[in-house]
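Dear colleague,

I am handing over the structure below, and would be glad if you could look it over alongside the notes that follow it.

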Amino acid sequence: MNEALTPSRREFLSASSVALLGLAAQGFQGDPIIDIHQHVGYSGRPDNVLIAHQRAMGVTTTILLPAGRPVTTASTHAGVANGLQAQAAGNEACYQFARTHADAFRFGANEVPDVEGATTEIERYLKGGAVVIAEQKFGVECDAPEMQRIYALAQEHNVPVLMHWQFKMYNYGFERFYRMLEKYPKVNFVGHAQTWWANIDRNHTDQSVLYPKGPVVPGGLTDRYLSDYVNMYGDLSAGSGLNALTRDEGFARDFLTRHQDKLLYGSDCSDHEGAGPKCQGAQTIAAIRRLAATRGIERKLLFENATRLFRLRG
Ligand SMILES: [Zn+2]
Ligand SMILES: [Zn+2]
């Protein structure tokens, strides 16, 4: 063998060490992770930085959630909610991004629910392969006729609807959402954001508190929706999801066990690092690994539940 053509032992060793370090950063053996909640253009983040951020977290598949079209309506709080209040890009940008990076990215379909032709726009992207209607983050009643048209469309196309629940701001009427869960039993709904996560606690009475701290008493509205309705799921993303996991870790361990088939990992962070204290998504992965009672539960939360719910295999 020509010595000059083989890598030196030293080069070989350093290459293996780098590979091993990469695996260590991903936790267990580089297992695949699905992130169900990210955005293109999030707070101005460049596309190449988003790709590097997802890789740094160890995420292998990312679902990109588009904004609706920018409009000045009551449902966008006169434009405040445009770009999902975070400079998030719309349908076409997410679709194109996912097509260009098909190995690691999928996309959702979205629109401001009460604009003319909302369901036509959403359906166009569902037909193009969108795996979810999201992120629904608008100032509308959760049972308004325009929202029900979206739920009916979700049923027709067999995709979940992901909703950002934020008291007096986005998706009004959390306490009566069970009526929609019952009226659309074939539609899988994914709960997300402050009001969704604050209501894990039965003692959460002041709905204006968006990031409650301290011990949790089981049996809050969110806990009951997850227990009582097969079509209700939870998105662990964002500061609200991480807060729910960390405010009372004894509760969280039990909560993850009880709803192990219903909870899904998402990041929803806009940092450029993908690791360390600035990256909330990386901290949520660490919290799931710390708090999942078994390795089986951990795999469900980080990968298997999303694979099933969004029908990502094949
Ligand atoms: Zn989001
Ligand atoms: Zn991050």
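The largest pocket holds about 300 Å³ of space, where a pocket is an open set of points on a 1 Å grid over the protein atoms alone, at which a 1.4 Å probe fits, with protein on both sides within 12 Å along at least five of seven lines, and the volume is the space filled by probe spheres set on points joined across faces, edges and corners. Please keep in mind that this is a predicted model, in which local features need pLDDT of at least 70 and side-chain atom pairs count only at pLDDT 80 or more, while totals for chains, interfaces and linings use all residues. Residues are numbered from 1 along each chain as its sequence is written, chains are lettered from A and ligands numbered from 1 in the order in which they are written, and side-chain values use heavy atoms, with hydrogens and water left out.

The largest pocket is lined by 18 residues (those with an atom within 4 Å of a point), and Tyr-42, Lys-137, His-164, Gln-194 and Asp-268 lie nearest its centre.

As for the zinc ion (ligand 1), its protein donors (N, O and S atoms within 2.8 Å of the metal; water is not among the atoms, so the site may look incomplete) are His-37 (NE2), His-39 (NE2) and Glu-135 (OE), at 1.9 to 2.2 Å. These donors follow the spacing H-x1-H-x95-E along the chain. Because His-39 lies in the loop between β1 (34–38) and α2 (47–57) and Glu-135 in strand β4 (residues 133–136), the pair ties together parts that are 96 residues apart in sequence; helices (H or I, at least four residues) and strands (E, at least two) are DSSP runs, numbered from the N terminus. Both His-39 and Glu-135 are buried, meaning under 20% relative accessible area with a 1.4 Å probe and protein chains only.

Lastly, Tyr-225 touches residues including Phe-174, Trp-196 and Met-232, leaving aside those up to four places away in sequence, contact being heavy atoms within 4.5 Å.

Best regards

Key
Donors = N, O, S within 2.8 Å, 3.2 Å for Na, K, Ca; no water. Buried < 20%, exposed > 50% of the residue type's maximum accessible area, 1.4 Å probe, protein only.
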